[in-house]
Amino acid sequence: MDTEQPYKFPLTGLPTAKEVKSRPFMVMVENAPQARPQTGLDQADIVYEILAEGEITRFVSVFQSQEAKTIGPVRSIRPYFVEIGDALDAVIVHAGWSQEAMDMMAGRKLAHLDEVYGDGAYYWRATDRKAPHNLYTSVDKMKQGAEARKFRSEWNGPLLTFAKDGHNKLTGAAVNYIQIPYIQGYFASYEYNAAQGVYKRSMEGKPHVDKETGKQLQTKNLLVLESKHKIVDKEGRREVDVFGPGKGMIFQEGKSQQITWERKNGMLRAYASDGKEVPLLPGNTWVQIVPEGTALKME
């Protein structure tokens, strides 16, 4: 690969021939068993996995550097997901909402495409799954929607910090396996693949693959961030702190480091004990937000 390209993708730090000024799209992708395997998460620059209501997690997937042709299944949004998309200056893409999330988007006049209310042209329903677990979109459809709705196209988003030499400087133990015990049915784990320098993702002990390609999801950077969680209604909806500060771990190239995290300049960032930001490695990033006190299994 030609690394002499003059520019870098803002959210991955990988080289590109053209300067990237376009707003990213943040797509709510569901993770109920009926929604698996998902499509397109392998082409996201950043993916956050966070508990939604009840006993489920949901993915906040951010697309800027790759033109994913299928993304989904798409589901509804909650206030703390809105906060992440707003901070990234992303176009927020979802199907439905909680009232608080909708009030937040309306109050802040945020750019968003909602399949349930008026933006159905930029989504489609697959025939091999039952609703509501069969709603998909694509980067091309989202671009059409953003243009039709006259959303601002130039990005005002945050700059990320990447390691200049492309390698980690982590100070903690070598870790080849991490298990994240979300509630029942949602155990996520990652295993380090030294040949590729990435962590490969599994769910419930089985490789978590992309539906279209069959390839296992993987990440160059893995962050596990402890955050305050609170259940706020009888449906089991939650408040989740996406501002910090809180404790966490970062994993890169088979190494680990304890960190504190905080949202600064539009991004959830990792900091070492000396207060300096821990840079990301060029490539994609997965961020697992977990309740405070979650015990990771690490080997």
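A: Three cavities reach 30 Å³ or more. A cavity here is a set of points on a 1 Å grid over the protein atoms alone, where a 1.4 Å probe fits but cannot get out. Points are joined across faces, edges and corners, and the volume is the space filled by probe spheres set on them. The model is predicted: local features need pLDDT of at least 70, side-chain atom pairs need pLDDT 80 or more, and totals for chains, interfaces and linings use all residues. Numbering starts from 1 along each chain as its sequence is written, and side-chain values use heavy atoms, with hydrogens and water left out.

The largest cavity holds about 110 Å³ of space. Its lining has 14 residues, and those nearest the centre are Leu-223, Met-267, Leu-268, Arg-269 and Leu-280. A lining residue has an atom within 4 Å of a cavity point. Two elements give two or more residues to this lining: β20 (267–271) and β21 (285–291). Of the elements, β20 gives the most, with four residues. Strands are DSSP E runs of at least two residues, helices are H or I runs of at least four, and both are numbered from the N terminus. By class, 10 lining residues are nonpolar, two polar and two charged. Nonpolar covers Ala, Val, Leu, Ile, Met, Phe, Trp, Tyr, Cys and Pro; charged covers Asp, Glu, Lys and Arg; the others, including Gly, are polar.

Arg-269 leads on to the charges. Its salt-bridge partner is Glu-277, with the closest N and O atoms 3.3 Å apart. A salt bridge puts a side-chain nitrogen of Lys or Arg within 4 Å of a carboxyl oxygen of Asp or Glu. Arg-269 is buried, at 6% relative accessible area, while Glu-277 is partly exposed at 27%. Buried means under 20%, exposed over 50%, and partly exposed in between, for a 1.4 Å probe and protein chains only.

The structure holds 16 salt bridges. In one of them, Lys-220 meets Glu-253 at 4.0 Å between the closest N and O atoms. Lys-220 is in the loop between β14 (218–219) and β15 (221–227), and Glu-253 in the loop between β18 (246–252) and β19 (255–264), so this pair ties together parts 33 residues apart in sequence. Both partners, Lys-220 and Glu-253, are buried.

Another salt bridge joins Arg-149 to Asp-119, closest N and O atoms 2.9 Å apart. It links distant parts of the chain, 30 residues apart: Arg-149 sits in the loop between α3 and β10, Asp-119 in the loop between β7 and β8. Asp-119 is buried at 3% relative accessible area. Arg-149 is partly exposed at 39%.

Lys-150 lies in the loop between α3 (139–148) and β10 (177–181). Its phi is near 60°, a positive value in a residue other than glycine. Lys-150 is exposed, with 72% relative accessible area. Lys-109 also has a positive phi without being a glycine, at about 55°. Its place is the loop between α2 (99–108) and β7 (112–114). At 74% relative accessibility, Lys-109 is exposed.

Next come the rings. There are six aromatic pairs. Rings of Phe, Tyr and Trp (its six-membered ring) pair if their centres lie within 6.5 Å; planes under 30 degrees apart are stacked, over 60 edge-to-face, the rest tilted. Tyr-192 and Tyr-199 form a tilted pair, centres 5.1 Å apart and planes at 50°. Tyr-192 is buried at 18% relative accessibility, and Tyr-199 is buried at 0%. Together with Phe-251, Tyr-192 and Tyr-199 make one aromatic cluster.

Charges also meet rings. The charged end of Lys-264 sits over the ring of Tyr-271, 4.7 Å from its centre. The rule asks for NZ of Lys or CZ of Arg within 6 Å of the ring centre and within 35 degrees of the ring normal. Arg-36 lies over the face of Tyr-186, 4.9 Å from the ring centre.

Pro-37 is in the loop between β3 (25–30) and β4 (46–51). Ala-131 and Pro-132 are also joined by a cis peptide bond, with omega about 5°. Pro-132 belongs to the loop between β8 and β9.

How values were computed:
1 Å grid on protein atoms, 1.4 Å probe; cavity = no way out; pocket = protein on both sides within 12 Å on 5 of 7 lines; lining within 4 Å.
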